[in-house]
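Here's a quick briefing to read with the model open beside you.

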Amino acid sequence: RDWSSDVCSSDLNELARRVVDFSFGLCCASGAEMKDFGNHVYGVLPRGTTFTDEDAMALRRQGIVLRG
C-alpha cells in the first residue's frame, strides 16, 4: 500500500519539524552538536567529534548536497 497518499505535505513538514526539535533538545542535553548540512539534511555530532572538510566532500560524492 502507498501510504503517501494518506499523508498531506503539511503533516510531513510538522513531523520533520518535530524530529529536528527533538534532536536539538537531545543535543543540548547531551552536549552534542547539531549540524545543518543543507537540503533538509541534519546531523547529530556526539560531543568530542569533529566534522571536517574531507567529511563534507565524502558526503558530496555520495550525492548529499551540502551548503558552502
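**The quick picture**

Leu15 sits in helix α1, residues 9-30 (helices are DSSP runs of H or I with at least four residues, strands are E runs of at least two, and both are numbered from the N terminus). This is a predicted model, where local features need pLDDT of at least 70, side-chain atom pairs count only at pLDDT 80 or more, and totals for chains, interfaces and linings use all residues. Residues are numbered from 1 along each chain as its sequence is written, and side-chain values use heavy atoms, with hydrogens and water left out.

**Helix α1**

- With 22 residues, α1 reaches 31 Å from first C-alpha to last, close to the 32 Å expected at 1.5 Å a residue (the expected span is 1.5 Å times one less than the number of residues).
- Just after α1, Gly31 takes a positive phi of about 80 degrees.

**Salt bridges on the helix**

- The count is three salt bridges, taking one as a side-chain nitrogen of Lys or Arg within 4 Å of a carboxyl oxygen of Asp or Glu.
- Glu14 pairs with Arg17 at 2.7 Å, N to O, and these two are three residues apart in α1, about one turn.
- Glu14 also bridges to Arg18, with the closest N and O atoms 3.0 Å apart.
- Arg17 meets Asp21 too, at 2.5 Å, N to O.
- Arg18 is exposed at 53% relative accessibility, while Glu14 is partly exposed at 30% (buried is under 20%, exposed over 50%, partly exposed in between, with a 1.4 Å probe and protein chains only).

**Nonpolar patch**

- Leu12, Leu15 and Val19 make a nonpolar surface patch with about 280 Å² of accessible area together.
- Patch members have over 30% relative accessible area and no salt bridge; like charges are joined within 9 Å, nonpolar side chains (Val, Leu, Ile, Met, Phe, Trp, Tyr) within 5 Å.
- Areas are Shrake-Rupley with a 1.4 Å probe, and for residues only the protein chains shown count as cover.

**The hairpin and its contacts**

- Strands β1 (residues 33-38) and β2 (residues 41-45) run antiparallel, joined by five bridges (pairing takes at least two DSSP bridges).
- Two residues lie between the strands of this hairpin, and Asn39 in the turn has a positive phi of about 55 degrees.
- Ser23, in α1, is buried at 15% relative accessible area.
- Leaving aside neighbours within four places in sequence, Ser23 is in contact with Met34 and Val44 (contact means heavy atoms within 4.5 Å).
- The C-alpha atoms of Tyr42 and Val20 are 8.0 Å apart, with 22 residues separating them along the chain.
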